[in-house]
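Please look through the sequence and the model shown here before reading on. The paragraphs below are meant to be read alongside them.

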Amino acid sequence: MPTLECRKLLQTFGMEWPEASQEEISMRRTLIAGNWKMNGSKAEARSLVEDLMRRQREVGSERPDCDLLICPPFVFLELVGRLIEGSEIALGAQDCHPAEAGAHTGDISAGMLADIGCSYVIVGHSERRQDHGEGDALVQAKAAAALAAGLTPIVCVGETREERDAGHTLDVIERQVRDSLPANCGSRVVVAYEPVWAIGSGLSATPADVAEVHAAIRGVLRDLSGKEAADATRILYGGSVKPGNAAELLALEEVDGALVGGASLKAEDFWAIASASPRRTQA
Ligand code: PEP
């Protein structure tokens, strides 16, 4: 039975769904990931990364208590990888092909990304789902390829405006999570909840809506992978995260970080978002 139905059924019997303990939540280190999308030049990539590194150096041990990740376009991965070498910033890509190698003109495999120094890859971003017609089965195959190459896939899910207005948000999210995550992935994936209508629009989801969807995702993860793995899996929120709303969103119990698009292109804003991370984890 789908988890959301189980949750509703338990509630009809006056029983509560088991929530994660504070100790389990503190296992999830906040992740602030910047998705640069198709933006920037070599010079801009360099100056953005150098600015972030300078900010890190200046604050010394007072740096934000979170993992930082940047996902530049493929062509800047090597440059950015060199610039962040020795720092605590991780490198990620924005997509990968599900196959290991072969006749796939213009594509990049997960193994190539690992070889060049990536540790994460975003898969199933709504812009890829929309622009390239990618469905859950392909996203699942990409995530599986990422895991096989030793990368952590950030699997994106999110409802459209029409789906939200029709009251289908939780059904859409549950289906996407079930169908996009590889079997037996345990806690080796990161899930990013990104309402499609909130991406790049300046309209963030309300904290109440984010809390509801993240709790539902956690419930589906428990059903798929068991409580232990689910409670250790990071669920990020993405969709117009900015310095002005980051603290409120990141403070939500089930929000384990942010996937940041537009605001990750300005070092000052990305740094301010990272600095809004709640200190709830041990390094
Ligand atoms: C994104 O691209 O994943 C995203 C959340 O974009 P923005 O922050 O610009 O809404």
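This is a predicted model: local features need pLDDT of at least 70, side-chain atom pairs count only at pLDDT 80 or more; totals for chains, interfaces and linings use all residues.

Residues are numbered from 1 along each chain as its sequence is written.

The secondary structure of the chain comes to 13 helices and 8 strands, these being DSSP runs numbered from the N terminus, with H or I over at least four residues for helices and E over at least two for strands. Buried residues make up 45% of the 283 residues in the chain; a residue is buried if 20 or more other C-beta atoms lie within 10 Å of its own, exposed if 12 or fewer do, and partly exposed in between, with C-beta atoms placed from the backbone. Of the contacts with a separation of 6 or more, 74% join residues 24 or more positions apart, where a contact requires C-beta atoms, placed from the backbone, to lie within 7 Å.

Two packed helices are described by the angle between their axes and the distance between the axes. Axes are lines fitted to C-alpha atoms, for helices over the stretch in contact, and angles run from 0 to 180 degrees between N-to-C directions. Helix α3 (residues 42-59) packs with helix α4 (residues 77-84) at an angle of about 25°, with their axes 10 Å apart. That makes α3 roughly parallel to α4, since angles under 35 degrees count as roughly parallel, over 145 as roughly antiparallel, 65 to 115 as roughly perpendicular and the rest as oblique. On the α3 side the contact involves Lys 42, Ala 45, Arg 46, Val 49 and Glu 50, which meet Leu 79, Val 80, Leu 83 and Ile 84 in α4. These contact residues divide into 6 nonpolar, no polar and 3 charged, with Ala, Val, Leu, Ile, Met, Phe, Trp, Tyr, Cys and Pro counting as nonpolar, Asp, Glu, Lys and Arg as charged, and the others, Gly among them, as polar.

Helix α3 also packs with helix α13 (residues 267-275), at an angle of about 40° and with axes 9 Å apart, and the two are therefore oblique to each other. Leu 48, Asp 51, Leu 52 and Arg 55 of α3 make this contact with Ala 267, Phe 270 and Trp 271 of α13; by class, the contact has 5 nonpolar, no polar and 2 charged residues.

Around the ligand there are 14 residues, of which Ile 199, Gly 200, Gly 238, Gly 261 and Gly 262 come nearest, a residue being near if its C-beta atom, placed from the backbone, lies within 6 Å. This shell divides into 5 nonpolar, 7 polar and 2 charged residues.

Most residues other than glycine have a negative phi, and most peptide bonds are trans. Lys 37, in the loop between β1 (31-35) and α3, has a positive phi near 55°, and is partly exposed, with 19 other C-beta atoms within 10 Å. Ser 240, in the loop between β7 (234-238) and α12 (243-250), has a positive phi of about 55°, and is buried, with 21 other C-beta atoms within 10 Å. His 104 lies in the loop between β3 (89-93) and α5 (110-115), and counts as exposed with 11 C-beta neighbours inside 10 Å.

Technical notes: Two residues are in contact if their C-beta atoms, placed from the backbone, lie within 7 Å.
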